[in-house]
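Have the viewer open and follow along.

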Amino acid sequence: MAEAMHGTCWTEDRAHAVLRSVALANDEAEFLAVHQPIRDFQVSTTTGRGIEASDEALLADLSDPETRYAFCIVEGEPGAGKSHLIRWLDVKWNADDLVMLIERADGSLTGTLRQLRDQLGAQYGYLFENLAQSVEASFDGRVKLFHANLAASLSKSFFETAIGDEDWCATWEIERLIGHQAVQEKWGGPERILKVMSGDGGQRNSASASFNLYDIADLAQVQLAVEGLPPKALMLMRTLKKETDRIAPARAADVPAAELELDETLEIPQARRLLKALNDRRNFAVQHILGITVDGLRDMFFKLRKELLKEKRRLVLLLEDVTSWEGIDGQLIDSLVVDARTRSDVCDMISVVGMTPLYLKGIQGNYSGRITHVLRLGRVRQSGGFQETIQLATEESQAEFASRYLRAVRIDRPELEAWHKAGADPEMVPNKCETCVGRDACFAAFGASDGIGLFPFNRNAITNMFERLEDPKGTQSLHTPRGMIQGVLAPVLLYPSRLEAGEFPPAEIEFSEWMPERSLQPSGFLAQVIDAAEPDVGRREQLRRLMMLWSDRTSEVHVDVTAEGMRSVSGVAEGVFEAFRLPWLGEGLDSAGTPSPAVSTHPGAPTSDVPEPEVPAGPIPGAPPPPTPASISPVTATTFGRSSSAGGRSSPTSPAVSTTRLKALAEQALLWRDGKAISDPSAWEILLIDLMNEARELLPEPQFGLWERVFTKDNVKLEGSGRTDIRHFVIPREDWATRGIEAYLTNRLGTALQPLQLESNRRAIARLLRRLAELASAQLERRLAQDDPWSIDGATVQVLLVRAWLRGAISPDSALEQQFQELLSEEQEAKSLPDDRVESWGELVKATSYWHDKLRGMLRQSLNLPLGSGAPLMNAGAVAGAMKSLRDTMRTVPVPAKPEFSKGLEEIGKLVELARQTDGQLRHIPERENKSC
């Protein structure tokens with residue numbers, strides 16, 4: 001087994017030969033070797049004959065000699081397998097019919113027509129001679145011609161048969177608008193259309209060559225450069241600008257234009273009218289450039305079918321992608337739907353056409369009565385978006401699909417050719433696993449599907465990689481056969497030398513833009529386990545890829561025994577570690593202990609002055625025995641501090657973060673740990689405030705009221721998440737914070753954990769809250785100018801008490817408890833008239849007139865004791881000394897000399913000013929009163 005587990009059983013050349021994602025690119029032997037029967041698709045017919053949902057049943061129905069007419073649509077997202085099924089039909093079709101397979105090739109219309117000419121061959125090639133005499137012009141020249149033709153076709157009397165929108169076009173003078181010189185020079189819509197029709201450099205991938213709403217938005221942007229337009233055309237441009245401004249946010253978020261066009265709630269009527277007018281005339285404008293007459297393609301197919309009728313042969317057209325025909329697709333489909341049963345001068349015809357869901361939706365209204373078969377390779381997801389490919393909808397089908405390619409890459413080319421020449425029996429495809437001496441051990445470690453080993457993948461790896469594929473542009477679904485080939489199989493199988501060099505899983509997995517970074521970030525505990533097991537940074541990266549893709553991706557890290565009797569860590573069998581020459585990660589995880597980390601922090605992360613406590617090697621003295629995994633339930637966040645709502649104190653409530661968003665935050669936390677940016681700031685704001693409220697409970701004086709002013713959702717930030725200044729409390733990207741936040745999120749998600757991981761998370765959260773409390777205390781001192789400690793509550797109570805004395809609400813000689821009750825009560829009518837007193841008396845009362853309610857509210861909030869429900873209880877003892885001192889000395893408590901209070905602490909700044917004014921004037925009032933008498 002050692003040789004099989006540590007060596008490769010395929011070559012890079014064979015991988016390149018097999019992993020051609022375009023079905024029509026590899027040769028027939030390779031194609032048939034990887035062919036997986038296509039079943040369980042959705043199929044509907046109008047022929048009166050029901051058929052089984054399988055490729056064999058479809059072939060039997062369409063190729064039946066009794067079938068005289070069929071227009072079969074194969075619908076699916078790009079990469080869903082339309083081309084594969086259509087090519088398979090070509091390979092299996094009988095030789096009696098004239099079968100013409102037209103592939104997408106470079107995606108261009110001219111390339112498609114060239115294929116049509118080649119398929120006609122010497123016998124029928126003459127039919128093509130007068131079909132397309134393209135204009136000899138450069139690409140820029142063709143763009144200008146296309147634009148000019150488009151503008152001309154918008155005039156009211158241009159077409160012999162009216163399109164139906166001529167009056168609208170005339171009213172808004174669309175011909176002059178589109179034909180304006182500035183529009184021709186600055187609007188890029190026509191150029192984009194021709195670029196797509198030209199194949200887009202071979203990257204067309206079923207993209208539609210139609211105008212879209214973003215083209216209309218670009219046209220609206222040209223209005224400032226357009227001079228001399230008729231008033232109506234100028235009004236339309238302004239309207240288009242207003243309407244398309246509504247879709248600007250969607251465009252910035254890379255929402256496909258096609259989705260907006262389907263959104264019926266989007267009120268952009270004029271933009272939609274213009275869009276339809278342009279697309280209705282697109283084909284005419286393009287055909288003129290190609291030199292194709294309005295009926296040229298139809299005439300060619302009629303002549304061909306007349307010739308085949310003489311030979312008593314059917315015409316079978318297998319078209320991989322109808323979007324390759326855009327520009328003449330209307331003529332094409334008109335040709336395909338001519339039924340020989342309704343006329344006697346043409347041969348029978350069977351056509352099978354690949355279409356995307358969007359294209360099919362656009363033609364169904366006009367041709368629904370002519371379509372005989374509709375095969376849907378995908379189905380609509382409940383969550384919306386792109387369709388789900390039925391062929392790969394389950395984990396079992398994904399493993400089966402991958403196994404066909406794994407079997408094929410292991411076949412030597414001579415052996416493959418011999419199998420093909422012998423008839424290519426699908427039940428007899430050579431399988432090297434049948435004769436492999438290490439088969440049993442390999443299957444035990446990596447698994448198998450129908451006798452085909454999954455090495456170097458396992459089932460987890462195939463499913464994890466496939467499900468995490470994501471197009472960053474949002475323009476296509478990658479959960480398709482093409483996505484499986486390009487995004488899962490190719491990054492691994494194209495690099496067999498990496499396995500031989502001990503560098504598996506290969507780093508190329510991460511090079512693809514289709515594999516999001518967040519999918520490869522381990523949790524803090526798993527990262528800790530990896531760091532403890534392997535000191536080499538490069539091999540840690542291999543272990544990270546292994547555990548994030550080959551594992552079962554459960555939140556806990558656990559050791560089990562597989563059904564084959566092999567140990568595994570989170571679903572990765574020990575044999576996988578051996579084959580990839582990586583250290584076993586299960587050491588100590590199946591007992592009460594765990595190894596100490598080789599380093600104290602994650603690679604590349606800043607070190608912290610507070611080391612994370614090591615998980616004890618045995619039970620904690622005096623602690624109850626650890627519960628069994630099944631009995632462990634998630635601890636609440638308040639386990640690590642007093643509840644923020646304990647005792648009836650009402651803390652500011654914030655909306656709860658949903659489970660879905662919490663999961664996203666957990667992924668973002670891993671990226672933040674490694675220096676990457678975070679997203680979803682609103683969810684982070686809520687979470688960080690909740691976290692800070694937990695940390696507050698660890699402070700001996702929680703500073704209620706002041707805390708909420710200093711630690712707001714706008715002021716608490718993660719390091720690197722935006723611009724900050726002195727007002728902000730920044731949580732540093734250090735190990736205690738990154739590890740603690742990961743553990744905190746795991747806890748909030750309610751994830752059941754193994755005892756060891758639960759203990760590690762508890763310690764991480766405790767350390768996080770302790771450090772946050774320490775840093776928050778320092779932040780409070782800075783923001784509240786407490787370099788020389790001063791009593792905010794004392795200053796507040798003294799300012800309010802002096803006001804009460806001067807207004808006659810209470811006497812300075814009254815009992816302190818009576819004075820305390822008075823200063824916290826709502827003010828009544830003044831019992832003395834400050835204006836009748838000395839000037840300084842009235843000045844102090846006036847100075848606090850605007851602020852006394854604000855200061856009283858701040859004081860109530862600070863003194864409110866969290867002792868339970870019911871009537872509030874105030875902490876009079878906290879200010880009794882300041883009250884007595886004021887009465888005895890007529891002096892206020894010391895306040896900062898030159899404080900600087902930033903936004904959010906305006907009341908504190910005003911308090912300092914009022915306290916200083918009170919201290920300067922109060923002690924002189926009695927003397928001045930006596931002198932005035």
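Before we start, a word on angles: each axis is a line fitted to C-alpha atoms, for helices over the stretch in contact, and the angle between N-to-C directions runs from 0 to 180 degrees. Keep in mind, too, that this is a predicted model.

With that in hand, look at helix 34 (residues 792-806) and helix 38 (residues 877-889). Their axes come within 9 Å and cross at roughly 45 degrees. Angles under 35 degrees would count as roughly parallel and 65 to 115 as roughly perpendicular, so helix 34 and helix 38 are oblique to each other. The crossing is right-handed. On the helix 34 side, the contact is made by D793, G794, V797, Q798, L801, V802 and W805, and helix 38 brings V879, A882, M883, L886 and R887. Sorted by class, the residues of this contact are eight nonpolar, two polar and two charged. As for the spacing along the chain, an α-helix has 3.6 residues a turn, so residues three or four places apart point the same way.

Now jump to helix 23 (residues 459-467) and helix 24 (residues 481-493), whose axes come within 9 Å and cross at roughly 130 degrees. This pair is therefore oblique, and its crossing is right-handed. I462, M465 and F466 of helix 23 meet M484, G487, V488 and V492 of helix 24. That contact has six nonpolar residues, one polar and no charged ones.

Last stop: helix 4 (residues 55-63), which is mostly covered, with seven of its nine residues buried. Those are D55, A57, L58, L59, D61, L62 and S63. Their cover includes strand 2 (69-75), helix 5 (82-92), strand 5 (349-355) and strand 6 (373-376).

Methods:
Residues are numbered from 1 along each chain as its sequence is written. This is a predicted model: local features need pLDDT of at least 70, side-chain atom pairs count only at pLDDT 80 or more; totals for chains, interfaces and linings use all residues. Side-chain values use heavy atoms; hydrogens and water are left out. Buried means under 20% relative accessible area, exposed over 50%, partly exposed in between (1.4 Å probe, protein chains only). Helices (H or I, at least four residues) and strands (E, at least two) are DSSP runs, numbered from the N terminus. Contact means heavy atoms within 4.5 Å. Angles under 35 degrees count as roughly parallel, over 145 as roughly antiparallel, 65 to 115 as roughly perpendicular and the rest as oblique. A crossing is left-handed if the near helix is turned anticlockwise from the far one by less than a right angle, and right-handed if clockwise. Ala, Val, Leu, Ile, Met, Phe, Trp, Tyr, Cys and Pro count as nonpolar, Asp, Glu, Lys and Arg as charged, and the others, Gly among them, as polar.
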